[in-house]
Amino acid sequence: MSLKSSIATAAGKSSYWFLHTFFKGGSSLPGKITKKLDPDILSTLARNYDVIVITGTNGKTLTTALTVQVLKEKYDHILTNPTGSNMEQGIITTFLHASSTKGKRPLAILEVDEANVIKVTQYIKPKAFVFTNIFRDQMDRYGEIYTTYQKILNGVALAPNATIIANGDAPIFHSKQLPNPIIYYGFDNQPDQDIKATPNTDGVLCPQCQHILHYHFISYSNLGKYFCPNCGYERPKLNFALNKITALSPKSSSFEIDGEPIKIEIGGVYNIYNALAAYTVGRFMGVSPAQAKQAFEKDKRIFGRQEEINVDGKLVTLILVKNPVGLNQVIDMISTDKDPFTFIGLLNANYADGIDTSWIWDGDFERLPKMNIKQFITGGQRYKDITYRLQVAGVDPDKHLVEPDLDKVVAMIPKAPTKKVYILATYTAMLSLRKTFAAKGFIKGGMG
Amino acid sequence: MAYSLRVCHLYGDLMNTYGDLGNILVLKYLARQMGVDLTSEVVSLDQEFDPDQFDIVVFGGGQDFEQSIISKDIQHKKQALTSFIEDGGSVVAICGGYQLLGHYYIGANGEKLMGIGALDHHTDKQKDHRFIGNVVIQNEETGEKYHGFENHQGITFLGKGERPLGKVLEGHGNNGQDHTEGAIYKNVYCTYFHGPILARNNQIAKHVLLNALRRKYPDADLSQAEKVPVGSTF
């Protein structure tokens, strides 16, 4: 390590210690300090690591956690970044915080924001990239799906030897010729038909001839076994495939990957994709199918993001929603609940939520009136918008309460007519609810 | 039901980026309250637009790539759409849809992409800058205030026969210079307001439905439909 890097590392580490000790925080500031002192610090810090970068719109965090879990079956030293530290400075901090691994070749499994891939590959040549999906996401900030993908590829261009592990069901990941070796994973669990995506789906133009893509089947949004009836372009051959979905509930999913039955303690088809991605990385890194299965079933806490909170006897599930595809997956997931429940939708429009609330009109709220929902509550800064959305969706006004104030919404939960309560909330609404839940002792605090 | 209206969701499978579907949902919702049966159908690439088959056209906003493909395809529908508009057909056009009804717009890479010139506006491009944020405008004829969200790099200048949808009270509007936002021409409503303009300002949805009903049923008594309550989510 050069003198400059040593000084920078020391400064970063001590600032981490200081922040962590006195403010219980410190995810990006130490990285910022270190980078300032030594702009190339990442190449020094990461030089002994085999790095795998996980990026995409949805599913980065859980895919990263699951990948770590799977790789633990074979590898002893794995570094990973905590949720929310997926930009350059947070990644530097992650390496600063790592304990010394002299003589070993440890792994670093990093969740990286789409636009920050290039900031990582400038200094690190990863062993592999994982592409989960690209959907429209808070477009006031990120722009179009093609722009987002190009940002990722600009970063990948600096690492042409790294293997790309991509979701083969996403047409965009098969749209550009790349020098990198590519492994595809995807779903192969339904008989072939000839269908089109619903009109409200993004990214359905054939990348070769710009006609509308058709599908043999769709798993969700624009993901599936696509083909172009005009030019014959089609989904690439899958290296690893999900063959069967056996059972779905809001809290668990059972399925088979390449014939191996697996159960994960989390609902939602999108999470099966995350598991499949982690499985594929594991196989790429020499983990056996049996070891991967064992990893998924071993530690349930890994799925902690959707924990159930007990609020005066009510079983409350708090779920973050931030874009239409994610929202529709959550709506799909709660539809698998066999018990009656109360539905709460909270819409804020701060910067972290996305200041443009148009996307709620892309959510398939029309499914709600068909579910066994006994009461609806809408609230948050933009309560008028979310309330009208549910009204247009056909929600019975007699079952629908409106409360802008989030603290008052929390006070309404114990009076809900059902034992189960699902809360769908945008980011700052979720933070504010968690704060209230923590103040009342229902949870321990933080983002969990 | 006594009355029925048919909506053409023009390129609905490609121009749908910012909750545009909300406009169709709100038209259906209000139509139901008016006692009108409203159906909608997507007309997209390589398909013919038959002006006699529809009473309302909804033309949403999309991504640059999709919009550039549509710029070519829509030339085949130019005559049919123009005669629909000249004949008093109702249209709601948003962002890219708005731009494509005019003469041309400048694409992401600076290339000039043709619209159909059914309306007399044209769209240039700001250099490395977008208008992003909340907008409030006032319809100078009715006094109604509309609110929405804009996110566009294009700057549009109105032409002959067009008046703005409203005067800008907050935000940027068409071009950030002349305080206009959107356009009205005959029964065509154009805007940069994102996606669900009709959801957030259902007064406009009501105008669109009533215009379409008056055109299709000139002798009908629409007093019940006129009473349907509306109000923005402002």
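Domain bounds, as used in these legends, come from an automatic or database domain assignment. The structure shown is a predicted model.

**View 1. The second largest pocket, between two domains of chain A.** Domain 1 (39-298) and domain 2 (307-440) of chain A both contribute lining residues, so the second largest pocket lies between them. Its volume is about 780 Å³.

**View 2. Lining of the second largest pocket.** The lining comprises 35 residues. A:Thr198, A:Asn200, A:Thr201, A:Asn328 and A:Asp364 lie nearest the centre of the pocket. The elements that supply two or more lining residues are β7 (214-220) and α11 (324-334) of chain A, together with α1 (21-34) and β2 (36-43) of chain B. The greatest contribution is that of α11(A), with 6 residues. Sorted by class, the lining holds 14 nonpolar, 10 polar and 11 charged residues.

**View 3. An open, antiparallel sheet of chain B.** Strands of a sheet pair through backbone hydrogen bonds, either parallel or antiparallel. In chain B, 4 strands are arranged in the order β9-β8-β11-β12, with antiparallel pairing. Strands β9 (145-152) and β12 (180-181) of chain B stand at the edges, each with a single partner strand; one side of each is therefore left without a neighbour in the sheet.

**View 4. Pairing of strands β8 and β11 in chain B.** Strand β8 (residues 131-138) and strand β11 (residues 166-170) of chain B run antiparallel and are joined by 3 bridges. B:Ile137 has B:Val168, in β11(B), as its bridge partner.

Notes:
Residues numbered from 1 in each chain as written. Chains lettered and ligands numbered in written order. Predicted model: local features only at pLDDT ≥ 70, side-chain atom pairs only at ≥ 80, totals over all residues. Heavy atoms only, no water. Pairing = 2+ DSSP bridges. 1 Å grid on protein atoms, 1.4 Å probe; cavity = no way out; pocket = protein on both sides within 12 Å on 5 of 7 lines; lining within 4 Å. Points joined across faces, edges and corners; volume = space filled by probe spheres on them. Nonpolar A, V, L, I, M, F, W, Y, C, P; charged D, E, K, R; others polar.
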